[in-house]
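Please walk through this model with me, from single residues to the whole chain and back to its side-chain pairs.

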Amino acid sequence: MLHTRITDRYACITDRYARITDQYARITDRYARITDQYARITDQYARITDQYARITDQYARITDQYACITDRYARITDQYARITDQYAYITDRYARITDHYARITDRYAYITDRYARITDQYARITDQY
C-alpha cells in the first residue's frame with residue numbers, strides 16, 4: 001500500500017511537472033512571438049523616424065525657399081516703389097516743363113503780336129513820309 005501511494009504520488013508529481021513544462025513551453029513560444037513583434041515594431045519605428053527626418057529636412061528646405069521668395073518679393077516691391085516714385089517725379093517734372101513751355105509759347109505769341117503791331121506802326125509811319 002505504501003508502494004501504491006508513493007507510485008500515485010510520483011504519478012501526480014510527474015503529471016504536474018509535465019503540465020508546468022507545457023506551460024513553460026507555451027510561455028516561451030509567446031515570449032518569442034512578442035520579441036518578434038517588438039523587433040518588427042522597432043524596425044517600423046526606425047523607418048518612421050527616418051521618414052520623419054526626411055520630411056523635416058524637406059520642410060526646412062521649403063521654409064528656406066519661402067524665405068528667399070519672400071525676400072525677393074520684398075526687394076521687388078521696394079524696386080517697384082522706387083520706380084513709382086521716379087515715375088511720379090518725372091511726371092511732375094514733365095508737367096512743370098509743359099507749363100513752362102506754355103508760358104514761353106504765350107510769351108512768344110505776345111512778342112509776335114507786339115512785333116506785328118510795331119511793324120504795322122512802322123509801315124504807317126514810313127507811308128506817311
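Q23 sits in helix α1. Helices here are DSSP runs of H or I with at least four residues, strands are runs of E with at least two, and both are numbered from the N terminus. Q23 is partly exposed, at 44% relative accessibility. The cut-offs are these: buried is under 20% relative accessible area, exposed is over 50%, and partly exposed is in between, with a 1.4 Å probe and protein chains only. Now look along the chain from Q23 to Y110. The two are 87 residues apart in sequence, and their C-alpha atoms are separated by 126 Å.

A word on the basis of all this. The model is predicted: local features need pLDDT of at least 70, side-chain atom pairs count only at pLDDT 80 or more, and totals for chains, interfaces and linings use all residues. Residues are numbered from 1 along each chain as its sequence is written, and side-chain values use heavy atoms, with hydrogens and water left out.

Along the principal axes, the C-alpha atoms fill roughly 185 × 15 × 10 Å.

L2 counts as exposed, at 54% relative accessibility. Between L2 and T98 there are 96 residues along the chain, and 139 Å separates their C-alpha atoms.

How much of the protein is buried? Of its 129 residues, 0% count as buried. The protein exposes about 12900 Å². Carbon and sulfur atoms supply 60% of that area. The areas come from the Shrake-Rupley method with a 1.4 Å probe, and for residues only the protein chains shown count as cover.

Next, charge. The protein has 21 positive and 18 negative side chains. Lys and Arg count as positive, Asp and Glu as negative; His and the chain ends are not counted. The centres of the two sets lie 6 Å apart. Each charge is placed at NZ of Lys, CZ of Arg, CG of Asp or CD of Glu.

Some of these charges pair up. The count comes to three salt bridges, each a side-chain nitrogen of Lys or Arg within 4 Å of a carboxyl oxygen of Asp or Glu. Start with D15 and R19. Their closest N and O atoms are 2.8 Å apart. The two residues are four apart in helix α1, which spans residues 2-128, so about one helical turn separates them. D15 is partly exposed at 40%, and R19 is partly exposed at 42%.

Move on to D92 and R96. Their side chains meet in a salt bridge at 2.9 Å, N to O. Again the spacing in helix α1 is four residues, so about one helical turn lies between D92 and R96. D92 is partly exposed at 38% relative accessibility, and R96 is partly exposed at 40%.

The pair R117 and D113 also forms a salt bridge, with the closest N and O atoms 3.0 Å apart. Both residues lie in helix α1, four residues apart, about one turn of the helix. R117 is partly exposed at 40%. D113 is partly exposed at 40%.

Finish with T14, which lies in helix α1. At 35% relative accessibility, T14 is partly exposed. Where does the side chain of T14 reach? It comes to 2.7 Å from the backbone oxygen of Y10.

Definitions and conventions:
Polar contact = N/O pair within 3.5 Å; in protein donor to acceptor, adjacent residues only side chain to side chain.
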